[in-house]
Amino acid sequence: MDIRSLGNTGLEVPAVGMGTWQTFDVKEEVAEKHAREVVTRALASGANFFDTSPMYGESERVLGKALEGRREAALVATKVWAPTLREGRDQIRRALQFHGGKVDLYQIHNLVNWREHLDELDRRLDEGKIGAIGATHYLPGAFGELKTVMKTGRITAIQVPYNPREREIEREILPLATDLGIGIVVMRPFAQDGLFRRPPHPKRLKPLESFGVKTWAQVLLKWILSDPRCHVAIPATSKPDHVRENAEAGQGPWFGREEREYVTLLAGQ
Ligand SMILES: NC(=O)c1ccc[n+]([C@@H]2O[C@H](COP(=O)([O-])OP(=O)(O)OC[C@H]3O[C@@H](n4cnc5c(N)ncnc54)[C@H](OP(=O)(O)O)[C@@H]3O)[C@@H](O)[C@H]2O)c1
């Protein structure tokens, strides 16, 4: 697995990590055990960066439980997602309990009430309870405001969507992030499974095999990570075998311009 510096966060992250939206929002004991198995496979594959949020129902708690006894082996990224400072403080307190008193990357989810939460997160950063501060948004319509937050100089990572069908960040966000030394966490690498609805025929992936990718999921992840401005992609999966398959795409050789254009064509069909 390729390890990358996540901008100026000071965090060294694997190229492929894992998201937990929906997949870790479970309550039954069997489902929680299954989540632990997914995490076990992720850690064994080197995909030790996990993204969660209080917006994802039970996910933060389930991830915390799945990491019990091995928290040190993981990097945890969560979010504050609250209209008021008071609610945000409660979320932060709960998250710190779930994750052994430390959150590696604390992000402001969808930029909700970001000014107030940023002050609170700065305080937690000074206390050493969090490793770095970030912000997230999934809508291109919010990227103007995201740029404003980036330019405050107070965040060192952002989480945004990027895949061959969602390329808006190429216009202004990626260049600005590079100028400012801001790390990029890539959400929705498969367009929330939209890129699996009509996958290309396996024989069309043959020309890419020399890059160490065999499946459409691996091709898509390699497409993202071949842009060195993207540091960690966080596909979500409920299947341990998919965890390993995804992790295998997190190392070179990387695609050049020609291969990336070819994948874009495949994804457009
Ligand atoms: N901050 C935000 O606004 C925001 C918004 C969206 C997402 N996110 C973060 O980004 C993460 C990822 O985004 P996402 O969950 O929307 O979608 P995604 O990762 O683009 O796609 C998830 C889907 O891909 C499938 N999948 C995963 N690996 C696969 C493989 N190797 N082969 C075939 N199918 C595979 C999963 O099904 P299986 O379970 O069958 O593998 C699942 O249906 C989220 O979990 C969350 O942490 C953040």
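1. The helices α1 and α2 cross in a right-handed sense. The model is a predicted one. Two packed helices are described by the angle between their axes and the distance between the axes. Here the angle is about 60° and the axes are 9 Å apart, for α1 spanning residues 29–45 and α2 spanning residues 59–66. On the α1 side the contact is formed by Glu32, Ala35, Arg36 and Val39, and on the α2 side by Val62, Lys65 and Ala66. By class, the residues of this contact comprise four nonpolar and three charged, with no polar residue.

2. Which residues of α8 are buried? They are Val243, Asn246 and Ala247. Viewed down the axis of α8, these buried residues fall within an arc of 95° and therefore line one face of the helix. An α-helix has 3.6 residues a turn, so residues three or four places apart point the same way. The buried residues of α8 are packed against strand β3 (18–19), helix α1 and helix α7 (216–225).

3. Helix α5 can be described in similar terms. Its buried residues are Leu146, Val149 and Met150. Because they cover an arc of only 100° around the axis, they are placed on the same side of α5. Gly144 and Thr148, on the other side of α5, are exposed. The elements covering the buried residues of α5 include α4 (114–127), β7 (130–136), β8 and α6 (173–180). Gly153 follows α5 and has a positive phi, near 80°.

4. Ile155 is located in the loop that runs between α5 (143–151) and β8 (157–161). Is Ile155 buried or exposed? Ile155 has 27 other C-beta atoms within 10 Å, and is therefore buried, the cut-off for burial being 20 or more. When residues up to four places away in sequence are not counted, Ile155 touches Ile133, Gly134, Ala135, Val149, Met150 and Ile182. Ile155 and Gly183 are separated by 28 residues in sequence, and their C-alpha atoms by 9.3 Å in space.

5. Leu75 belongs to strand β5, which covers residues 75–80. Leu75 has 20 C-beta neighbours inside 10 Å and so counts as buried. Burial requires 20 or more such atoms. With neighbours within four places in sequence left aside, the contacts of Leu75 are Leu11, Val13, Asn48, Phe49 and Asp104. For the pair Leu75 and Leu11, 64 residues apart along the chain, the C-alpha separation is 8.6 Å.

6. Gln22 has a positive phi, near 70°, and is a residue other than glycine. Gln22 sits in the loop between β3 and α1. It has 13 other C-beta atoms within 10 Å and is therefore partly exposed. Gln192 is likewise not a glycine, and its phi is positive, about 55°. The loop that holds Gln192 lies between β9 (183–187) and α7. Gln192 has 16 C-beta neighbours inside 10 Å and so counts as partly exposed.

7. Gln192 also takes part in a pairing across the chain. Although Gln192 and Ala236 are 44 residues apart along the chain, their C-alpha atoms are separated by 8.4 Å.

8. Which residues does the cis peptide bond join? The bond links Gly252 and Pro253, with omega about 0°. Pro253 is placed in the loop between α8 and α9 (257–267).

Methods
Residues numbered from 1 in each chain as written. Predicted model: local features only at pLDDT ≥ 70, side-chain atom pairs only at ≥ 80, totals over all residues. Axes fitted to C-alpha atoms, helices over the stretch in contact; angles between N-to-C directions. Helix = DSSP H or I, 4+ residues; strand = E, 2+ residues; numbered from the N terminus. Left-handed = near helix turned anticlockwise from the far one by under 90°. Contact = placed C-beta atoms within 7 Å. Nonpolar A, V, L, I, M, F, W, Y, C, P; charged D, E, K, R; others polar. Buried ≥ 20, exposed ≤ 12 C-beta atoms within 10 Å, placed from the backbone. Arc of directions from axis to C-beta.
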